[in-house]
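Here is a short briefing on one protein chain. Start with the overall picture, then turn to two residues and their surroundings.

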Amino acid sequence: MARPATGVNGVAVKFKVAGDTLAVEAGSVLVGAAYGGDGTLDLASGTGTLTGLLSAGGDVEVSGPIAATTFQNFGTVEVGSGASFTLAGNGAVAAGQGLIVAGTLSAAGTISVAGSLTLAGTLAGTGTLALTGGASTFNTGANLTIAKVTESGTATVTVGTNLAYAGVF
């Protein structure tokens, strides 16, 4: 999104198809709400903070590279290769939702994943990655440095590369 998106009736963007993607770059401006329709929110560049990762039916608040904006009803959040974000508090990826980390995501709290996780970038911090269901894939280039990883329930993990991890698993 290179130019301001100004909507009608307080809505800047409203997707209706899960295959839609909203790419947000540092400096992007939305004038109105952003409704994802279970699509993908691609945080393509910038450094900032995520609050409420996919909570309350796919909502996430993004601040830092853009004015604080709540993106609503997105099914997948992608931290792009040109982006670096810190998760404020805890985050949850429910069944049917996805988290893609191609850049850097740091967490001091817990990231619970019952949906899908794809890691090709860095997942770091003093927090915990709790894999409770769904499928998690660690691709070539993945850098897993978060302090603790737990796996339970129906979670499956696929490692597509040699993955070094020195934390608690």
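Strands here are DSSP runs of type E with at least two residues, numbered from the N terminus. By that count, Ser136 belongs to strand E15, which covers residues 135–138. The model is predicted.

**Overall build**
- The protein holds one helix and 18 strands.
- Its radius of gyration is 15 Å, which agrees with the value near 15 Å that a compact globule of 169 residues would have.
- The C-alpha trace spans about 50 × 25 × 25 Å along the principal axes.
- Of contacts between residues at least 6 apart in sequence, 26% link residues at least 24 apart.

**Surface and charge**
- Accessible surface totals about 7,400 Å², and carbon and sulfur atoms account for 52% of that.
- Buried residues are 43% of the 169.
- Side chains include 4 positive and 8 negative ones. The centres of these two sets are 7 Å apart.

**Ser136**
- Ser136 has a relative accessible area of 2%, so it counts as buried, the cut-off being under 20%.
- Leaving out residues up to four places away in sequence, Ser136 touches Val113, Leu117, Leu131, Thr156, Val157 and Thr158.

**Nonpolar core**
- The largest nonpolar core has 40 residues. Leu50, Phe71 and Leu129 touch the most other members.
- With residues up to four places away in sequence left out, the contacts of Leu129 include Ile111, Val113, Leu117, Leu123, Phe138 and Leu144.
- Also touching Leu129 are Ile146, Lys148, Val149 and Thr150.

Definitions and conventions: Residues numbered from 1 in each chain as written. Predicted model: local features only at pLDDT ≥ 70, side-chain atom pairs only at ≥ 80, totals over all residues. Heavy atoms only, no water. Helix = DSSP H or I, 4+ residues; strand = E, 2+ residues; numbered from the N terminus. Buried < 20%, exposed > 50% of the residue type's maximum accessible area, 1.4 Å probe, protein only. Contact = heavy atoms within 4.5 Å. Core = buried A, V, L, I, M, F, W, Y, C linked by side-chain atoms within 4.5 Å. Rg over C-alpha atoms; globule rule 2.2 N^0.38 Å. Areas by Shrake-Rupley, 256 points an atom, 1.4 Å probe, with all protein chains shown as cover. Lys, Arg positive; Asp, Glu negative; His and termini not counted. Charge placed at Lys NZ, Arg CZ, Asp CG, Glu CD.
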